[in-house]
2 protein chains.
Amino acid sequence: MTDTKAVAPGLLTGVKVLDLTQFEAGTSCTQVLAWLGADVVKVENPSGGDPGRRTGSTKPHKDDPYFLNYNSNKRSITVNVKSARGLQIVKDLAKKADVFMENFAPGAIERLGLGYDVLSEINPGIIYGQVKGFGEGSPYEHNLAFDMIAQACSGLMSITGEPKGRPAKPGATLGDSGTGMLMCISILAALIKRKETGKGVHLQVAMQDAMLHYIRNSFCLTTKTGKPAPRAGAKNLEGNNPPCDIYPCAPGGPNDFVYVYTSRGNPQHWPKLLEAIGRKDLIGDPRFETREARVENSAEIDRIITEFTSKRDKYECMRVIGAAVPAGAVRDTLELLNDPNFEERAILQKIQHPAWKDFKMAGWPVRFNGSPPPVKPAPLLGEHSAEALKDWLGMNDAQVTALRDDKII
Amino acid sequence: MTDTKAVAPGLLTGVKVLDLTQFEAGTSCTQVLAWLGADVVKVENPSGGDPGRRTGSTKPHKDDPYFLNYNSNKRSITVNVKSARGLQIVKDLAKKADVFMENFAPGAIERLGLGYDVLSEINPGIIYGQVKGFGEGSPYEHNLAFDMIAQACSGLMSITGEPKGRPAKPGATLGDSGTGMLMCISILAALIKRKETGKGVHLQVAMQDAMLHYIRNSFCLTTKTGKPAPRAGAKNLEGNNPPCDIYPCAPGGPNDFVYVYTSRGNPQHWPKLLEAIGRKDLIGDPRFETREARVENSAEIDRIITEFTSKRDKYECMRVIGAAVPAGAVRDTLELLNDPNFEERAILQKIQHPAWKDFKMAGWPVRFNGSPPPVKPAPLLGEHSAEALKDWLGMNDAQVTALRDDKII
């Protein structure tokens, strides 16, 4: 079923992406371009390649699932960019590229001799993207950053966690992938403009800055209150519209909860919720009639809902309550990975990789005329060195062999 | 300084977006298109408009900061789409549009008579985007969803919070804005393809499905362990590379912490950290020499780092430790909003809105040749009804007045 449903939209067929990214912030961006049909050629050092290949706890020489998730549908070539001939190859590739993308430590790509000034001279039409931890002009612009540093410095951790607990890191790697998505949008918009002007552009985004984009609601709250936005556990930050929380379900495991919410915009939600949980008798009870009353009696509301949810499993709660008002089971990653519905809809797709048979991973979740793009396995290190050098630079076998013999590729 | 730095890239000049979105998942998508230069015309009902205008606790008739954050740079027109003439106006606008976007409850736009089948007949080149809570073919496809429901059902809450605590909701509204970004990418890629084919496309994304995209690392962990990914507080999910946590700083407020991390990829980080915190004496100590040893003695590592951090404020800790290894202060939203550096770099921009003077908000964080797009205030309800109907449909004053008199707009 997956195979028939996942058909390439090929929206970006013909777009050449020269990919010097590693780990996640940059790779997540070029990953999307590859899914959408671009020819993404990932340049890796011959001695190990992207450190993301071995970031996890798997044994050496087996590409980690982490790498598979951010590099599917790409081609890999190895080039020793610290050799003069290797550097020249990357410049030759840049001459052919529509998009260049990197996320090395601050200053590293410029020290390699592949800065925007150099590549835009070689190819004035190049769209040159860079992801860093902190922005130019920030007091920390020369600092290293990883996902968690961006989440800490951007306010995101300060608004995540229990009200009386410590700041928590959202499980999503928003500092990396969240930033990568904003860069991807900017690259695509630049490609549209370039069709008109022929001119490239220098794109830069900082992970810290990108996080502000995703927590705009917390800034709204601060504007109104003059105070830092709080942590609110599972609730909404404003927390003034109960019920809006998770409620414990049977059998009481760490993720046996159901989220129950009644929209402020829909006054019918509260009586519909009461009906769903068999408490029609409370419809019209002045303790709960208005939002203000519900705020005042929120402890009693929590007790009433818990009485219903704690006797049922989370899926039954979601089915019964979710038919009336917004409600959702808190699902864990194993439940999701094993849920056949995601594979049937090709939201999760199975790929065959030499190191991981039947490896299930999330593809691009947007449907194009009903179908998602198909996921192809991430490349082995240097798997496409010969093929890509022939395609992009017109090299012949002898030239490729010579480069291999001289350990340039 | 802001004014000079924020210059329009105008990448999408000439792209017409017909915006029937509300709240955030759809509006965040069209917000980006507007920032990047598209002409986004937001169609709202004349009796109040987008419920996001009054979602917060501000008094009626004053647009909430929430609305301002997701609708800047757009134009607003009011149309009563439940009248035949109003519906026809929306169809006429759709005929001129490059992009149509909506995020109503499941089935609502089709019941209005503005489904993909109808609009693609009128305009075969239209790129028609829809955001829903659950995907077509999901058992919950007819259910309502809001941001928190998507976060609950997608695994995101299960991996956020303290290890022994309940699931927590990330403070970022990833269910809404995170989904909006994936739709935005798909729209732009479709615009690129359409230059070639002239054909439009039907784009659909579900908030639940979109969340899987942002938590791929947790699925990697589940693939390797066969277990649900855990909650890890402020740590990384794998949690096997200490130090990787937040450490308390003076004076001990709720967000007085500094994140400290040493990259697995860089064995020099550990000795550099020891040097930064004045503990060169511990360099070479076998209790901490390898990653395995540090896992075993992580409690002692935490004690050593805390001894340093607890006597200094978080900014000093970030300055000193961050110069050596990845480190970052946990900042709150008030500190960020008041930090002049973000305004100097136009990451936060000040706008003048009739209801909110000097309103500071986050703009698009990506730089184009060094500059970000400028933010313009969100429109008042129906502010551009006449102007946009003249621009898009060539109406004259008399026609607009007649529509107003008949309460169609």
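**Entry 1: chain A on its own**

I began with contacts: of those in chain A with a separation of 6 or more, 68% are between residues 24 or more positions apart. I call two residues in contact if their C-beta atoms, placed from the backbone, lie within 7 Å.

A note on the source: this is a predicted model, where local features need pLDDT of at least 70, side-chain atom pairs count only at pLDDT 80 or more, and totals for chains, interfaces and linings use all residues. Residues are numbered from 1 along each chain as its sequence is written, while chains are lettered from A and ligands numbered from 1 in the order in which they are written.

Next I looked up the elements and found 18 helices and 12 strands in chain A. Both are DSSP runs numbered from the N terminus: helices are H or I with at least four residues, strands are E with at least two. The C-alpha trace of chain A spans about 85 × 50 × 45 Å along its principal axes.

How much of chain A is buried? Of its 409 residues, 58% are buried. Buried stands for 20 or more other C-beta atoms within 10 Å of the residue's own, exposed for 12 or fewer, and partly exposed for anything in between, with C-beta atoms placed from the backbone.

I also noted two domains in chain A: domain 1 (2-214 + 339-405) and domain 2 (244-248 + 257-329). Their bounds come from an automatic or database domain assignment. Taken over C-alpha atoms, the centres of domain 1 and domain 2 of chain A are 44 Å apart.

**Entry 2: how the two chains meet**

I superposed chain A on chain B, and a rotation of 180° with 0.0 Å of shift along its axis does it, with an RMSD of 0.0 Å. That is the relation of a two-fold axis.

How many residues does the contact take from each chain? It takes 117 residues from chain A and 117 residues from chain B. On the chain A side, helix α8 (residues 174-197) gives the largest share, 16 residues. By class, that side of chain A has 65 nonpolar, 37 polar and 15 charged residues. Here Ala, Val, Leu, Ile, Met, Phe, Trp, Tyr, Cys and Pro count as nonpolar, Asp, Glu, Lys and Arg as charged, and the others, Gly among them, as polar.

Why can I say that the copies meet through the same surface? Because 99% of the interface residues of chain A are also interface residues in chain B.

I traced an open sheet of 7 strands, in the order β3(A)-β2(A)-β1(A)-β4(A)-β5(A)-β6(A)-β12(B), with mixed pairing. β3 (75-78) of chain A and β12 of chain B stand at the edges with a single partner strand each, so one side of each has no neighbour in the sheet. Two strands pair if DSSP finds at least two bridges between them.

Inside the sheet, β4 (residues 99-102) and β5 (residues 127-132) of chain A run parallel and are joined by 4 bridges. There I found A:Glu102 opposite A:Gln130 in β5(A). Helix α17 (residues 385-393) of chain A packs on the sheet, touching β1, β2 and β3 of chain A, and its direction makes about 95° with that of β3(A). Such angles run from 0 to 180 degrees between N-to-C directions, the axes being lines fitted to C-alpha atoms, for helices over the stretch in contact.

Where the chains join, β6 (residues 201-206) of chain A pairs with β12 (residues 367-368) of chain B in the antiparallel sense, over 2 bridges. The bridge partner of A:Leu203 in β12(B) is B:Phe368.

**Entry 3: a helix and a hairpin in chain B**

Is helix α2 (residues 27-35) of chain B enclosed or open? All 9 of its 9 residues are buried, so α2(B) is largely enclosed by the rest of the structure. The buried residues include B:Cys29, B:Leu33 and B:Trp35. They pack against α8 of chain A, and also against elements of chain B, among them β1 (16-20) and α3 (65-71). Just after α2(B), B:Gly37 takes a positive phi of about 110°.

Last, I found that β10(B) and β11(B) form a hairpin with 2 residues between them. These strands, residues 348-353 and 356-362, run antiparallel and share 5 bridges. B:His353 has B:Trp356 as its bridge partner in β11(B).

Definitions and conventions
Least-squares fit on C-alpha atoms with pLDDT ≥ 70 in both.
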